[in-house]
Every structure is written in structure tokens, then in C-alpha cells.
Amino acid sequence: VEPPLAVVPRRGPAPHRSLRLGAGAAAAAVALSSSGDAILLAVLLGLVSVDLAVAGVGALVALGVLARWGTTSLASLAGIQAVLGPAGVRGDLLAVGSSWAAAVALLVTAAALRGRTTGVLLGLTAALVVAGPAAAGGPAAAAVRMGAALAGGLLGAAVAGRLPRLALAPALVLAGAGALAAVVA
Amino acid sequence: VITVAGTLLAGGWLVVALAGGATVGTVHLSPLAAAVGCGTTALACTVRPRPGLAEVLVVPVLVVGFPLAAALAVGGHTALPLLGSVLACLLAGAPRWRTTGWSLVAAEVGVGLLAAGLASGRGDLHPGVLMVEAQRGADLLAGGAAALLLAVALAPDDEDTLRVVIGPALVVGWVIAPHADAVAAGAAVLTILIAVLGAAPLARRAPAALAAAAIGLAAVGPARPAAALLAAAAVVIAAVGPSLAWPAAVPAAVAAALALSAGAATLEPVAAGVAVVVAVIWLAVAVGGGAPRPVLGPSAIPATAVAVWLGLAPASWTFAGPTRLGPYQQGVLRAVAVALLVLVVAWMTGQLRPPTPEWRSDGW
């Protein structure tokens, strides 16, 4: 017998729970191991949040990476940063600004969503974009990579849910501006 | 019977594609032509026979003859059988002219343009013939392909015979794209037009938009391998539905981005890029909201297998050309492995059980 005033979830089990769990694990694996493709990571982030706008922000960030480095391969991105230095520090002002714009767009996206898991994944991706050198590049590169990933993940979790969902619109604009800056640079 | 025969035939085409092609008499089929045969077989399998002798005959003819006609046309041989296949599809849909409406009209225009174009090109799509002797033929054929894609986009949900003309449209468009005028810009306009066709069903418009974008990409030389992948994605999405087959479009989009970014920002690559972006956005909209959730039936098995293969191992599609998708494939395989592992662990530990009801904080 069901007690009165029970708040039973309207649709029972969440329809995308398995999908979100699998996509979250896959996104974490791709981001942490720097394997795969930035556009693939954007699709996985969209699946985790079940939100087209999040996938859109991720895709714009991926296009910015493509415009700046000529590749969307995460392994290549990590390798380039291991040789040239972190993307958020090395390079001319416009190029560096494009990387930071992408990272901030991802963090704003994290702030506009409720789940902390999604926030951590978006923070990890932001860290990858500004400071994600391959750990095989030496102790310094490994330290930068681990520190940035830790900071990005924690920051993503901390800001999750702090902004209204409407903040996704400026995040999209910011990611687009970052991609445009990378094209111009 | 059709499903089993179609699966076997699709497998046969695939073996020929992976074996590097085949020669039968004077006819040589390239690996790409055989792959086109495989894809069109998978697409034809999903046509549901309707009551009536004509319809019952049309499906087996499509499963056997349609792929052969498409493979011959891609291989540079005669395209007249392909025109015959389109005509058969059109005739099969003609009795339902009240519901098919503008789709049938667009298909008729397309057949007319294809016939006129082939007449100019002496019946085949061979680029050499078109380049030297029949530039107008190439333009007519490109217009015919565009009209057929409009027919696909406007076809009602239950109209299967008009849906499969996406195959001939892609074959003609892919072969003709480098030789006709302003194909990339035209494809971008067509993609946008398909996207804004308010009355047409989403599940039809998404693959049609992808196909138009693929033809636009095919006009940009270095992006032709990406165009082949996008065309394959459009075919499997037309066969299985956007809700299930959308991952097949991801590697094609990646390949397109890589190919287009490597060249100069002239009109053609920019127009092709716009077409791809619009098509991908429209696919996402179809998956996210509007498209109906199809039930995966046995007839969709060959197309689903092709979709899974394209989604997981696009770098192995060597017959499409160099696509620079090695890192993508490595990442997607790792991602799928990790996701499956986590899901198995979650199921075994009971994490994925239905949630228990939540209670109010006042004790109830």
C-alpha cells in the first residue's frame, strides 16, 4: 500500500540513466587518456547531459582546437602542448585568448547544469584545452597535466548549478568567439 | 525471405568491397562500387512490401537489381539501370499520389532531369565523357539528384519506395559533383531548404539533408573521402532512422571538418562546410525531439550492421579514401570499451535498478 503524499518520480527510472552513465565513463576515459577526437568528446558530453546545447558548446570548442592546431585529435593536442607548452600560456595573444575562451565557455556550461558529474567532465575538458600536455612529455608536463585536470575537475564540480540554464546561451557565444579568434589567429 | 536474402547479398557485396573489387567479363567493379552495392542492398531491405502484386515484386527487384545498378553507375559503367530503378520506385509510389503529393512531383522532375542528363552523357556517368562533351549533362544530372533528394525529404513516413531514391540521388550527385557548376553552393542552399521544409517529417529530412551535404562535400576534391562517409551515414540513417543510426554521422562530420580545414577558405569549401553544419544540426534536432522512435526489425539488420561498423571503425573504410580517422577510431573504441565495462559493473552491483520512491521530509 502506498502511503499518502508519496512523491513518486513521474516517469519511473530515468530513461537515459544507462546512456548517461556509459557516456560519462567514456568521456572521462577519452579526456583523461587524451585519446580520440575532440568532436567525439563533444558528442559524449552532450550525451552525458542529454542536452544539445552542451554538445554545441563542445563542438564549437573542438572547432576552435581544429582552427588553432589543425587537428581535432586529442592525442595530437596533448603532444603539441608537451612540445610547445600549455595552450593557455604559449602563443600569441589571440590564440591564447581563444583557448581561454573555450575553457571559460565549458565552465560556464558546467555552471548552467545541475549535475556535478557533468561539471567534472566539462572541467576536465576545459583543462585539456588550456593545459593538457601529454604526461609522457616529462615530469613537468605530467605535473602540469595532473594539476590542471585536478583544478579543472574540482572547479567544474564547484560551479555546477550556480547559474541559470539561460547561461548556456552566453557559453555558446563565448565558445563561438573562441573558435573565431582561433581562425583569425 | 527478403531479409535473409538481403543480408546474404549485402554480405556478398561487402566481401567484394573488402577483397579489392571484382571483374566480371568486361565489367570491373571497384571496392567503392561494391561498397555502394552493399549500402543500397541494406537500404532496399528496409522497404516494407505492401499488399498487391506490383509491390510484392518491387521489393525483391529492388534488393537484387537496385544495388547492381548503383554499383555499375559508380563504377563508371552505364547508369541507365539506375534510372530504371528510380522509375520503378516512382511507379510503385504513384498509386498513393494523394498522400505522396509533392514528393512524387519532385521525383518525377528528378527522373526527367536524370533522363535528359544521361541522354547528353550517352547513358553513363563517366567523368571523362561529361568533362569533354557534355557539361550541360552534368548540370542536368546534378539538378536531378537535387530533385530526388527533395522527393526523399518530402516523402511521408510510411512511403518506403520514395525513401530509397536517396541511393540513386547520392550515386549521381557524388559522381557528378566535381564536374557540374556551383555544386557546393547549390548543396548548401538545398540543405537549408530541406531543413526549413516545415510540413515534411523529421525522420525523412535529416538523411536528405545529410545526403545534400555529402554531395556538396564531394565537389571539394580533398573532401571526397569524407563525402563518401557522409553519404554512407545518410543511407543508413534513411534505412534505420535518425534515432538509432545517428552515431554513424559522427565520424563523417569529423572527417569533413579535418578535410575542409586543411584547404583554403574559398567559396566551395565554405559552402560545403555550411551544408555539413546545417545537416548535422538538423540531425541533432531530429534525434533530440521530433523523430519517432523506430522499432529495430529484422529487415534493418544489414543497415544496422553497416551503421555500427561505420560508427566504430571508420578508418577501416579504406575504399572511401584517406580520411585521417585513425585517432577517432582509437578513441571511440576505447570509449565504447570503458562504457560497456562501467555499465556491466553497474548492472552487477545493482546501480542501475529502478530508483525507489522519494518521500517528503515531513515523515511521509
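This is a predicted model: local features need pLDDT of at least 70, side-chain atom pairs count only at pLDDT 80 or more; totals for chains, interfaces and linings use all residues.
**Exercise 1. Thr41(B)**

Solution. 
1. Buried means under 20%.
2. Locate the residue: Thr41(B) is part of helix 2 of chain B, residues 31–45.

**Exercise 2. Chain B and the largest nonpolar core**

Task: Describe the make-up of chain B, then state which residues touch the most other members of the largest nonpolar core.

Solution. 
1. Chain B has 18 helices and two strands.
2. Chain B holds 364 residues, and 54% of them count as buried.
3. Consider contacts in chain B between residues at least 6 apart in sequence: 74% of these join residues at least 24 apart.
4. The largest nonpolar core has 176 residues, and Ile166(B), Leu170(B) and Leu217(B) touch the most other members.
5. The most is given to this core by helix 13 of chain B (residues 224–240), with 15 residues.
6. For Leu170(B), leaving out neighbours within four places in sequence, the contacts are Ala211(B), Ala214(B), Ile215(B), Ala231(B), Ala234(B) and Val235(B).

**Exercise 3. Helix 3 of chain A**

Task: Check the length of helix 3 of chain A, residues 52–69, and state what covers its buried residues.

Solution. 
1. Helix 3 of chain A has 18 residues, and at 1.5 Å a residue it should span 26 Å.
2. The end C-alpha atoms are 25 Å apart, so the two values agree.
3. The buried residues of helix 3 of chain A include Val54(A), Val57(A), Val61(A), Leu66(A), Arg68(A) and Trp69(A).
4. Among the elements covering these buried residues are helix 2, helix 4, helix 5, helix 6 and helix 8 of chain A, and also helix 15 of chain B.

**Exercise 4. Helices 1 and 2 of chain A**

Task: Work out how helix 1 (residues 17–33) and helix 2 (residues 38–49) of chain A cross, and which kinds of residue make the contact.

Solution. 
1. The two axes come within 8 Å and cross at roughly 145 degrees.
2. The crossing of helix 1 and helix 2 of chain A is left-handed.
3. Helix 1 of chain A contributes residues including Leu19(A), Arg20(A), Ala23(A) and Val30(A), while helix 2 of chain A contributes Leu41(A), Leu44(A), Leu47(A), Val48(A) and Ser49(A).
4. Sorted by kind, the residues of this contact are 10 nonpolar, two polar and one charged.

Note on methods. Residues are numbered from 1 along each chain as its sequence is written. Chains are lettered from A and ligands numbered from 1 in the order in which they are written. Side-chain values use heavy atoms; hydrogens and water are left out. Axes are lines fitted to C-alpha atoms, for helices over the stretch in contact, and angles run from 0 to 180 degrees between N-to-C directions. Helices (H or I, at least four residues) and strands (E, at least two) are DSSP runs, numbered from the N terminus. A crossing is left-handed if the near helix is turned anticlockwise from the far one by less than a right angle, and right-handed if clockwise. Contact means heavy atoms within 4.5 Å. Ala, Val, Leu, Ile, Met, Phe, Trp, Tyr, Cys and Pro count as nonpolar, Asp, Glu, Lys and Arg as charged, and the others, Gly among them, as polar. A nonpolar core is a set of buried Ala, Val, Leu, Ile, Met, Phe, Trp, Tyr and Cys residues joined through side-chain atoms within 4.5 Å. Buried means under 20% relative accessible area, exposed over 50%, partly exposed in between (1.4 Å probe, protein chains only). The expected span of a helix is 1.5 Å times one less than its number of residues.
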